[in-house]
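Please look over the model below before reading on. The numbered points that follow are meant for someone new to it.

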Amino acid sequence: MGEPAHTEGLSDAERELLRRARDFARDELRPISLRYEESEEFPREPLNRAAELGLASFDIPARYGGGGVESLVATCLIVEELAWGDSPIAQVILQGGFFAGPLLAMGTEEQRERWLPGLCAAEPPPCGLAITEPEAGSDAAAIATHAKPTDGGYVLNGGKTYIGNGPVLELCTVFATVAPGTGSRGITAFVVERGDEGFSTGPPLPKMGSRCFPAGELFFDDCFLPDDRRVGEEGAGFRGLMRFFDRARVQLTANSLGIGRAALEHAVEYARERRAFGRAIHEFQAVAFRLVDARMALDQARLLSGHAARLADQGKPFAVEAAQAKLAASEAAMRATWAACQTLAGRGYLRDSPVQKWFREAKLDEIWDGTSDIMRLIVSRSMFGS
């Protein structure tokens, strides 16, 4: 019920990775999910275990030691399984691929050889991608962190916020402007390493959900970066960022679908077993129809996600389709987790129930990588040519 529709077209290697992801999610992530949520401990052991299974670097080219999965369709299937097991731990596992994205799109071969093999190691470093600032969230062109050219490199000043893995990261792709006041034209990507002079991180931000996937602030105070830390040409960062967003949004649909699917399965099983007024509660139309509506929303979102992923794999434009899929999947996950909470009632409201955890995690997917409002704006502009 509600599982990924099919695996036709996947290579044998992709099918094997999908099987590993499913087994890992069921046998190793789900049993520890609530414990990591309550403790807020960074999931270093699960990350290392995922690395051992090839799940922390499956989307990095094989020549650097990764799994070589290029297909966005295959990526989404793998991500959905991991998120079904535990979304925040899955996001920690997937950060290496997000860090690698700009290097693969815009970096030199020397840069790739320098940083990518480490992401495929037995103990991969916590990574991050730093875009958001206090005054530059949905409007990425408003980035104010300044990379001032100087002899031999750049001096970085400014700050970032809500950065996944921020408090613990060892490597980060940072987007800054080399030409303040020019909007998107000056945005450029850089690699920052923990230990760089002038670079510091803040404590974990106290989030509502996804607590073991820490988010925090980054600070740059006359942080010098040599020329070889720049990824791509000056001013090329915004175009690279938009391409990254399109792909990341489709991948995020898989995260939403994994959360929603987990919640729906749990609620259906509960509705079979829980009895009230002399019968199983799924026999009451109010309960059954609520779960039917949640299933339909998830299945519809999966179709949009698959369509966007296939367009990407075919090299066709897919920005609007990515926005539609991200919007539909994140809202479907909210609907499914709400339906699960409503079905379990008081039992689902207790902190030892996974449904309250899924509900809080689903909310994040309506916000990051572009809020639902921004997704609707992208689609409306495509409709009206504005």
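1. Helices here are DSSP runs of at least four residues, numbered from the N terminus. The model is predicted. Glutamate 81 belongs to helix H4, which spans residues 72–85.

2. Glutamate 81 is buried, because its relative accessibility is 1% and the cut-off for buried is under 20%. The side chain of glutamate 81 makes a polar contact of 3.4 Å with that of arginine 261. Leucine 119 is 38 residues from glutamate 81 in sequence, and their C-alpha atoms are 21 Å apart.

3. There are six aromatic pairs in the structure. One of them is stacked: phenylalanine 199 and phenylalanine 220, with 5.4 Å from centre to centre and 15 degrees between the planes. This pair links distant parts of the chain, since phenylalanine 199 is in strand S6 (residues 199–201) and phenylalanine 220 in strand S7 (residues 215–226), 21 residues apart. Phenylalanine 199 is buried at 11% relative accessible area, and phenylalanine 220 is buried at 4%.

4. Phenylalanine 277 and phenylalanine 284 form an edge-to-face pair, because their planes stand at 75 degrees, with the ring centres 6.2 Å apart. Phenylalanine 277 is exposed, with 79% relative accessible area, whereas phenylalanine 284 is partly exposed, with 23%. Arginine 279 lies over the face of phenylalanine 284, 4.2 Å from the ring centre.

5. Phe98, Phe244 and Phe245 are joined into a cluster by ring pairs. Which residue lies over the face of phenylalanine 245? That residue is arginine 249, at 4.8 Å from the ring centre.

Methods: Residues numbered from 1 in each chain as written. Predicted model: local features only at pLDDT ≥ 70, side-chain atom pairs only at ≥ 80, totals over all residues. Heavy atoms only, no water. Helix = DSSP H or I, 4+ residues; strand = E, 2+ residues; numbered from the N terminus. Buried < 20%, exposed > 50% of the residue type's maximum accessible area, 1.4 Å probe, protein only. Polar contact = N/O pair within 3.5 Å; in protein donor to acceptor, adjacent residues only side chain to side chain. Phe/Tyr/Trp six-rings, centres within 6.5 Å; stacked < 30°, edge-to-face > 60°. Lys NZ or Arg CZ within 6 Å of the ring centre and 35° of its normal.
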